[in-house]
Amino acid sequence: MTGQRSDARRNYQRILAVAEAEVAAHGAEASQEQIARTAGVGSATVRRHFPTRRALLEAVFQERIEGLCERAQRLSATEDGRTALLEWLHSFVLYAVSARGFAHILSYEPPTENPAPSSCGSRIEAAGTPLLQRAIRDKAVAPHVTFHDLLTLSVGIALATEHHQDPDAQAGRLFRLAVEGLSPEQGTAKAPGNAGSSGVSGDDS
C-alpha cells in the first residue's frame with residue numbers, strides 16, 4: 001500500500017508539472033490527453049487525479065492563488081482602505097493577464113448560493129472581501145459594489161487584453177480607467193499605476 005501511495009504521489013507531481021507547462025503554453029484549453037502523453041501516464045490516471053478540467057486548472061494555479069490571498073492579508077494592515085483595495089485588485093488583474101487560463105477558470109464560476117469553499121473564486125473572494133468592506137466603511141467605494149462586481153471587472157479586463165501586443169500595459173490602462181471613471185477630474189492621482197500615485201506602479205505584480 002505504501003508503494004502504491006508513493007507511486008500515486010509521484011504521478012500527481014509529474015502530471016501537475018507537465019500541466020503547468022501546457023497551460024502556460026496553451027491556456028485553459030490545454031489538452032489533457034497531451035498532458036498524459038508527456039507525463040508518461042494514461043488518460044485515466046490524469047482523470048483519477050483531476051476528474052475535471054477545472055480541478056486540473058485549480059491545481060495549476062494553487063500557489064499563485066495562495067500568493068494573492070497572502071497579499072490581501074498583508075494589505076489589510078495598510079492605513080488607507082482605498083489604497084489597500086486598489087493595490088490588491090491591480091495585482092490580481094496583472095496576474096490574471098500574465099497567467100494564461102487563470103481568468104478563464106474564474107469566468108467559469110458564476111456566483112452561487114453555496115459555492116465550493118475550496119474553489120478559486122471562493123478563496124479569492126474570502127481574501128478580498130474584507131478589503132472591499134473596509135473601503136466601503138471608509139466611504140471610498142459605493143456601498144452597492146459587491147466583490148463579484150470587482151471580480152467580473154478584473155476577469156473581463158484580463159480576457160479582453162490577453163492577446164494584446166502589450167497585455168500588461170493595456171490591462172493597466174483599462175484598470176486605471178475603471179478606477180478613475182470617465183471623468184479625468186475624479187481621483188486620477190490615486191489610481192494604481194499612475195506616475196506619482198500612492199498605489200502600486202504599473203509594473204507591480
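This is a short tour of the structure, stop by stop, with what to select at each one.

**Before you click**

You're looking at a predicted model, where local features need pLDDT of at least 70, side-chain atom pairs count only at pLDDT 80 or more, and totals for chains, interfaces and linings use all residues. Residues are numbered from 1 along each chain as its sequence is written, and side-chain values use heavy atoms, leaving out hydrogens and water.

**Stop 1: the whole chain**

Switch to cartoon view. The protein chain has 10 helices and 0 strands; here helices (H or I, at least four residues) and strands (E, at least two) are DSSP runs, numbered from the N terminus. Now try a surface view. The accessible surface comes to about 11200 Å², and 51% of that belongs to carbon and sulfur atoms; this kind of area is computed by the Shrake-Rupley method with a 1.4 Å probe, and for residues only the protein chains shown count as cover. Of the 205 residues in the chain, 41% are buried. Buried means under 20% relative accessible area, exposed means over 50%, and partly exposed is in between (1.4 Å probe, protein chains only).

**Stop 2: the salt bridges**

Side chains of opposite charge can pair when their charged atoms come close. A salt bridge here is a side-chain nitrogen of Lys or Arg within 4 Å of a carboxyl oxygen of Asp or Glu, and the structure holds 3 of them.

- Select arginine 10 and aspartate 7: their closest N and O atoms are 2.2 Å apart. Both sit in helix H1 (residues 2-26), and because they are 3 residues apart, about one helical turn separates them. Arginine 10 is partly exposed at 48% relative accessibility, and aspartate 7 is partly exposed at 38%.
- Next, pick glutamate 33 and arginine 47, whose side chains meet at 2.9 Å, N to O. This pair links distant parts of the chain, 14 residues apart: glutamate 33 is in helix H2 (residues 32-39) and arginine 47 is in helix H3 (residues 43-49).
- Then go to glutamate 87 and arginine 71, at 3.7 Å, N to O. Here the link runs from helix H6 (residues 81-98) to helix H5 (residues 62-75), with the partners 16 residues apart. Are these two buried or exposed? Glutamate 87 is buried at 14% relative accessibility, and arginine 71 is buried at 17%.

**Stop 3: a group of rings**

Show the side chains of Phe61, Trp88, Phe92, Tyr95, Phe102 and Phe147, which form one aromatic cluster.

**Stop 4: two helices crossing**

Colour H6 and helix H10 (residues 167-180). Their axes come within 10 Å and cross at roughly 145 degrees. Axes are lines fitted to C-alpha atoms, for helices over the stretch in contact, and angles run from 0 to 180 degrees between N-to-C directions. Which residues make the contact? On the H6 side they include Leu86, Leu89 and Val93, and on the H10 side they include Ala171, Gly172 and Phe175. Contact means heavy atoms within 4.5 Å.

**Stop 5: alanine 158**

Finish in helix H9 (residues 147-161), where you'll find alanine 158. This alanine is buried, with a relative accessible area of 1%. Leaving aside neighbours within four places in sequence, alanine 158 is in contact with Ala96, Val97 and Ala103.

Terms used: Rings of Phe, Tyr and Trp (its six-membered ring) pair if their centres lie within 6.5 Å; planes under 30 degrees apart count as stacked, over 60 as edge-to-face and the rest as tilted.
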